[in-house]
Every structure is written in C-alpha cells, then in structure tokens.
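Please read the following note with the sequence and the model side by side. The points are numbered so that each can be checked in turn.

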Amino acid sequence: MTSSNQFRLPDDIVPLNHRLTLTPDLDSFLFTGEEDISIEIIRPTKNIFLNAIELEIHSASLTISDGTILTPSEVSLQEESETVTITFDETIQPGQGTLNLSFSGTLNDQLRGFYRSEYQDPDGSPRIVATTQFE
C-alpha cells in the first residue's frame, strides 16, 4: 500500500456480506468479537487487508468455495495505516470465500471503532453505552 493511499484498501478482494457479533463488557471497557466476511477474490493474492484499529486478532481462517479451510501464516496490525494484513503461504485463487475472525479490543473514548460514550438517564444518573459509527 502506498503512503498517499494508506487508508484505502486494495481492490483485489471485495466484501460481499458481513456477519458481526460484538460482546461488550461495560465494566472493564473491553469487548470480544467474531466476524464472518463473505468475499469475492478478484485477482490471485497471498494477502487480505482489512481496516482495523486497536484490535487484537485471536484467530483467522479463510474457507474457500470448495470447502478448503486456509490458515494464515501471519496476521499483523499496522497501527499507522489502521489496517490488518492477513498473509497466507499459498496463493488464493479468484472466487468466493468466507473470512472468519475472532478478536478483542478496548472500548476507548476516542470516537473511533467500537467505543464507549456516556449519557445521562432521565434521573440524571450517568450511564455508559458502547457504540460505533460503522465507518
């Protein structure tokens, strides 16, 4: 990825559908998540790039259309570009697949990603909510 385009993902993989489960803990300001992303692989590649910030990826796998499950050789977070790179040893050929992820993170108060915010209930008591702008 070039520095002038560091926040734009390559177009060799197109997301088709997301199934996302987020489990926040509003006492510890932490969360866990699981995501299945249906993708179309446009060109042969060994890397899948995703937008991510302040996440720890616990597991990743890719199920390709013939049912084969591929496990990446490396998953690395690039904080500066707010991306994660999932690298496979073998080249992934064009077609459809499902990327499965398990991750965790912090519900920060920086208004980015999955974060926490505070509001007052009708009695004036402060309350915490987990929210996202889905950007």
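1. Both F31 and F114 are buried, where buried means under 20% relative accessible area, exposed means over 50%, and partly exposed lies in between (1.4 Å probe, protein chains only). The relative accessibility of F31 is 5%, so this residue counts as buried. F103 has a relative accessible area of 6% and is therefore buried as well.

2. The model is predicted, so local features need pLDDT of at least 70 and side-chain atom pairs count only at pLDDT 80 or more, while totals for chains, interfaces and linings use all residues. Residues are numbered from 1 along each chain as its sequence is written, and side-chain values use heavy atoms, with hydrogens and water left out.

3. How many aromatic pairs does the structure hold? There are 2. Rings of Phe, Tyr and Trp (for Trp, its six-membered ring) pair if their centres lie within 6.5 Å; planes under 30 degrees apart count as stacked, over 60 as edge-to-face, and the rest as tilted. A pair of aromatic rings is described by the distance of the centres and the angle of the planes.

4. Strands (E, at least two residues) are DSSP runs, as are helices (H or I, at least four), and they are numbered from the N terminus.

5. Why is the pair of F31 and F114 called edge-to-face? The ring centres of F31 and F114 are 5.0 Å apart and their planes stand at 85°, so the pair is edge-to-face. Distant parts of the chain are again linked: F31 is in strand β2 and F114 in strand β9 (residues 114-120), 83 residues apart. Together, F31, F103 and F114 form one aromatic cluster.

6. Two strands pair if DSSP finds at least two bridges between them. Strands of a sheet pair through backbone hydrogen bonds, either parallel or antiparallel.

7. β1 (residues 13-25) and β2 (residues 30-41) are antiparallel and share 12 bridges; the bridge partner of I13 in β2 is I41. β2 is also joined to β8 (residues 95-106) by 12 bridges, again antiparallel. Here F31 stands opposite G105 in β8, and E40 has Q96 in β8 as its bridge partner. Strand β4 (residues 55-64) runs antiparallel to β8, with 9 bridges between them. E56 has its bridge partner S104 in β8, and S59 stands opposite S102 of β8.

8. β3 and β7 (residues 83-92) are antiparallel and joined by 6 bridges, and N47 has T87 in β7 as its bridge partner.

9. Most residues other than glycine have a negative phi, and most peptide bonds are trans. β1 and β2 form a hairpin with 4 residues between them, and F29 in the turn has a positive phi of about 60°. F29 has a relative accessibility of 25% and so counts as partly exposed. The charged end of R116 sits over the ring of F29, 3.9 Å from its centre; a charge sits over a ring if NZ of Lys or CZ of Arg is within 6 Å of the ring centre and within 35 degrees of the ring normal.

10. E54 likewise has a positive phi, about 55°, although it is not a glycine. E54 is placed in the loop between β3 and β4. Its relative accessibility is 35%, so E54 counts as partly exposed.
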